[in-house]
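I opened this structure to look up its pockets and its charged pairs. My notes follow.

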Amino acid sequence: MSQSYKPVFPKTWWLQSAFYTRYMIREASSFFVATYSALLIIGLWRLNDGPQAWDGFLHALQSPFAVLYHLLALLFTLYHTVTWFAVTPRTMPVLVGDDFLPAAPIVIAQYVAWVVLSLGMITVTVWL
């Protein structure tokens, strides 16, 4: 009985092509997106637990490790967002009549929505 072919890849196969490297960085960035989401949920739990729990949570966020984590999370989340905006027209094409909408309006609409929502959140935060 013959064995099935199992190709062997080196552990650094993704470093041999810029396309694969960007892809793997994008996939790794999802770790920061997920862990930051979990951190926000923990913050909501602490807020619900009362002023002492909330103050302890805020104090923990002031550690050098937490500040470094937040900077890394911001960079990776921005990278994740930008790369997702770029790929969206291929993953979710918009059919208009018999033709598909070009990629540029879809990408531009996402950036406009991002800016409008961010400005809205900043405005609400400043007013509160």
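**Pockets**

The model is predicted, so local features need pLDDT of at least 70 and side-chain atom pairs pLDDT 80 or more, while totals for chains, interfaces and linings use all residues. Residues are numbered from 1 along each chain as its sequence is written, and side-chain values use heavy atoms, without hydrogens and water.

I wrote down the terms: a pocket is an open set of points on a 1 Å grid over the protein atoms alone where a 1.4 Å probe fits, with protein on both sides within 12 Å along at least five of seven lines, and lining residues have an atom within 4 Å of a point. A volume is the space filled by probe spheres set on the points, which are joined across faces, edges and corners.

I listed 14 lining residues for the largest pocket, with Y36, L40, L74, T77 and M121 nearest its centre. Its lining has nine nonpolar, five polar and no charged residues.

I then turned to the second largest pocket, which holds about 250 Å³. Its lining includes F19, Y79 and R90. I sorted this lining into five nonpolar, one polar and three charged residues.

**Salt bridge**

I found one salt bridge (a side-chain nitrogen of Lys or Arg within 4 Å of a carboxyl oxygen of Asp or Glu). R46 pairs with D49 in it, and the closest N and O atoms are 2.8 Å apart. Side chains of opposite charge can pair when their charged atoms come close.

Conventions:
Ala, Val, Leu, Ile, Met, Phe, Trp, Tyr, Cys and Pro count as nonpolar, Asp, Glu, Lys and Arg as charged, and the others, Gly among them, as polar.
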